[in-house]
Amino acid sequence: MIKTGDPRSLGVPTSEARLNFDTELRELGGGPRRRLLMVDDEPAFELSFYCGTCPLLFRRLETAQEKLSLERMQERLTGTLDDPDDGGVIDAFGTLLPKGEYLPLLLEVEPRLVIPGKEGDYFSGEQVTAWGVNQFWGLPEYPHTPYYRTFETAVDANAHLYEFVVPMVPPTLNDRERVEEYVALMKRGTVPTAVAISTLDVCQSALGLADDPAAHWGLTHFLLDGHHKLEAAATARRPVRLLSLLTLGESLASPEDATRLPALRTQPRSARAKA
């Protein structure tokens, strides 16, 4: 944690926002409705279900094809942001978001790229320990995207915080030359800044099947700007700053949970102790 701001109202009317949260309409006789992150009125990600007992989820959908970077902010974000309010970055990205209350968090992260099903994958590792495999498919949940793991720590004896950075489009679609430019900058000591809209979803299995029934606090950062920076940082094993705009109204967490997050994010990194 570098610095946190006070909760603030940001955003534009839903009809003008490029990014929105929505609930899929239920078809007659259909199953449960999906909670969705929308980009340009298209479903981009399926998110954790509202019940609070279903597994944590961020699943990329076929229509997730757009990044949301702002050209006028590129020069400012190539360097290090030392305060959430530096250079008008929050207000600039607020024009992409729906009206609501947001908590600004300025973090320094060292991202590790994870491929679903491979070493370090949360969904086939810690989540299976807590929920078991998907009861219908007989398999772990699958996010349909590579993603970055950045941090985890204990909330208390019965809960654990897991942090993820999720690209809007997979790293395979990044421009190789731009990634290498950022790798070179980072090796010379530059710490660039990425921007994300974030959710805090608190989920806990109620099936009674878990080897470890602890609650999972999922802090998930969906990248607005910084796709090349995150890949470069993971490649070079260097830190990058991340300005997180945490949505308070669209997270599956209580206001009290959200107020604990800045302090939790200052704790030492620690993995969940195995039973």
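## Cysteines

How many disulfides does the count come to? The count comes to zero. Keep in mind that this is a predicted model. A disulfide is a covalent bond between the sulfur atoms of two cysteines. For the count used here, the two sulfur atoms have to lie within 2.5 Å.

Take Cys-203 as an example. Its closest cysteine sulfur belongs to Cys-51, and that one sits 7.6 Å away, so the gap is too far for a bond. Cys-203 also counts as buried, because its relative accessibility is 1%. Cys-54 has a relative accessibility of 27%, so this cysteine counts as partly exposed.

## An open sheet of four strands

Let's move on to a sheet. Four strands make it up, lined up in the order S3-S4-S5-S6, and the sheet is open with antiparallel pairing. Strand S3 (19–23) and strand S6 (58–60) are the edge strands: each has a single partner strand, so one side of each has no neighbour in the sheet. From one strand to the next, the twist averages 35 degrees.

Strand S4 covers residues 35–39 and strand S5 covers residues 42–47, and four bridges pair them in the antiparallel sense. S4 and S5 form a hairpin with two residues between them, and in the turn you'll find Asp-40 with a positive phi of about 55 degrees. S5 also runs antiparallel to S6, joined by three bridges. There, Phe-45 stands opposite Arg-60 in S6.

How many residues of strand S13 (residues 240–247) are buried? Eight of its eight residues are, so to speak, under cover: the strand is described as mostly covered. In a regular strand the side chains alternate between the two faces of the sheet. You can follow this along S13: Val-240, Leu-242, Ser-244 and Leu-246 point one way, while Arg-241, Leu-243, Leu-245 and Thr-247 point the other way, and all are buried.

S13 pairs with strand S7 (residues 100–109) in the antiparallel sense, over eight bridges. Strand S11 (residues 193–203) runs parallel to S13, and six bridges join the two. Leu-245 is a handy residue to look for in both pairings. It is the bridge partner of Pro-104, and Ile-197 stands opposite Leu-245 as well.

## Helix H5

Helix H5 takes in residues 227–236 and is mostly covered, with nine of its 10 residues buried. Which residues of H5 are buried? They are His-227, His-228, Lys-229, Leu-230, Glu-231, Ala-232, Ala-233, Ala-234 and Ala-236. Just after the helix comes Arg-237, which takes a positive phi of about 55 degrees.

Phe-136, Trp-137 and Leu-139 make a nonpolar surface patch of about 440 Å². Where is Leu-139 placed? Leu-139 is in the loop between helix H3 (126–131) and strand S9 (147–156).

Technical notes: Residues numbered from 1 in each chain as written. Predicted model: local features only at pLDDT ≥ 70, side-chain atom pairs only at ≥ 80, totals over all residues. Heavy atoms only, no water. Patch = residues over 30% accessible without salt bridge, like charges linked within 9 Å, V, L, I, M, F, W, Y side chains within 5 Å. Areas by Shrake-Rupley, 256 points an atom, 1.4 Å probe, with all protein chains shown as cover. Salt bridge = Lys/Arg side-chain N within 4 Å of Asp/Glu carboxyl O. Pairing = 2+ DSSP bridges. Axes fitted to C-alpha atoms, helices over the stretch in contact; angles between N-to-C directions. Buried < 20%, exposed > 50% of the residue type's maximum accessible area, 1.4 Å probe, protein only.
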